[in-house]
Amino acid sequence: MTMLPIARRVADLRARIADIRRTGGTIGLVPTMGALHEGHLTLVRRAKAENSHAIATLFVNPTQFGPNEDLSAYPRDEASDAAKLTDVGCDLLFAPDVTEMYPAGFTTSVTVGGITAHLDGVARPGHFGGVATIVSKLLLQSLPDRAYFGEKDFQQLQVIRRLARDLDMPVEIVGVPTVREADGLAMSSRNRYLSPAERAQAALLPRILAETAKQLASAADAAPILAEATAKLLQGGFARVDYVALCDETTLAPIERAQSGSRLFAAAHIGRTRLIDNWPVA
Ligand SMILES: Nc1ncnc2c1ncn2[C@@H]1O[C@H](COP(=O)(O)OP(=O)(O)OP(=O)(O)O)[C@@H](O)[C@H]1O
Ligand SMILES: CC(C)(CO)[C@@H](O)C(=O)[O-]
Ligand code: BAL
């Protein structure tokens, strides 16, 4: 099997996309930060199934990490990522360096309001500004027909939907259901930080979310149920809980009781690893 081509420069990416367009091809884009797992590969397979060409991007975007977050520790293994992408039929990898994406003199940032006033927008100040800016760049650099994002990062998906709509980007944003390990833990590049004991404890997060979502579906007041879920996470070995919240899945605003389109969101720390997950509430 031939290894997939890798573009390092925006000009090279655009030249290769122009070739695809000349022959009438369509493009599905899958932005990632690498350290690929089955969640990412599911996005690429979907992109390939719905477009003639699938393009993945690999860029650990410094502007979406806070000063005390894991930018320098973030797992990087481009050779292994490229091999996995080749196996699932990806056609091109765009893997720029930081100076290609943020050249000297770069001063623009994209801010999405409303949705970002909640959950990770509060827990990770500045995070969604970094995400919105880099995703805007990736979408404008490649102008794909469709771009694929995972529901594991549900708030991020809604931020990207909002920005594409508000800025009239001619791209369909496609959300893909969360891919989970056998015990329910959402796949995440950060899971590789977990020690074996932490990994075993981490499965409590989806279990509590599933149980709590069921209780919320028929409860008049979410607050005590959310407080109990937080307590169970802390008892189960989580060191800190940033939030367990019932929110409207479009605006991400907290709501007092379940209604149509509500979703349960959680972010919690186990050891030095921060995990997020979310669950629909029927
Ligand atoms: N388990 C999963 N199921 C579906 N999509 C996923 C899953 N994990 C990540 N993705 C999606 O893959 C894309 C790239 O995500 P990213 O490279 O940050 O991986 P990640 O595993 O979420 O990493 P991290 O641990 O840093 O959050 C995003 O759209 C993200 O939502
Ligand atoms: C969308 C993204 C690639 C932007 O850096 C990142 O936030 C991610 O991997 O989810
Ligand atoms: N998976 C979303 C990217 C981040 O946590 O920075």
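**Sheet, helices and ligand shell**

Tutor: Let us start with one pair of residues: the bridge partner of L264 is W279, which lies in β9. This is a predicted model, in which local features need pLDDT of at least 70 and side-chain atom pairs count only at pLDDT 80 or more, while totals for chains, interfaces and linings use all residues. Residues are numbered from 1 along each chain as its sequence is written, and chains are lettered from A and ligands numbered from 1 in the order in which they are written.

Student: How do you know that β8 and β9 pair?

Tutor: Two strands pair if DSSP finds at least two bridges between them, and nine bridges join β8 (residues 262-270) to β9, with the two strands running antiparallel. Strands here are DSSP runs of E with at least two residues, and helices are runs of H or I with at least four, both numbered from the N terminus.

Student: What makes β7 and β9 the edges of the sheet?

Tutor: The three strands form an open sheet in the order β7-β8-β9, with antiparallel pairing. β7 (240-248) and β9 (273-281) each have a single partner strand, so one side of each is left without a neighbour in the sheet.

Student: Why are α9 and α10 called roughly antiparallel?

Tutor: Angles run from 0 to 180 degrees between N-to-C directions, with axes fitted to C-alpha atoms, for helices over the stretch in contact. Angles under 35 degrees count as roughly parallel, over 145 as roughly antiparallel, 65 to 115 as roughly perpendicular and the rest as oblique. The helices α9 and α10 pack at an angle of about 165 degrees, with their axes 10 Å apart, and they are therefore roughly antiparallel to each other.

Student: Which residues of α9 and α10 meet?

Tutor: Contact requires C-beta atoms, placed from the backbone, to lie within 7 Å. L204, L205, I208, T212, Q215 and L216 in α9 meet I225, A229, K232 and L233 in α10. By class, this contact has seven nonpolar, two polar and one charged residues, where Ala, Val, Leu, Ile, Met, Phe, Trp, Tyr, Cys and Pro count as nonpolar, Asp, Glu, Lys and Arg as charged, and the others, Gly among them, as polar.

Student: Which residues come nearest to ligand 1?

Tutor: A residue is near a molecule if its C-beta atom, placed from the backbone, lies within 6 Å of it. Of the 18 residues around ligand 1, G39, G150, M187, S189 and R190 come nearest, and α2 gives the most to this shell, with four residues.

Methods
Contact = placed C-beta atoms within 7 Å.
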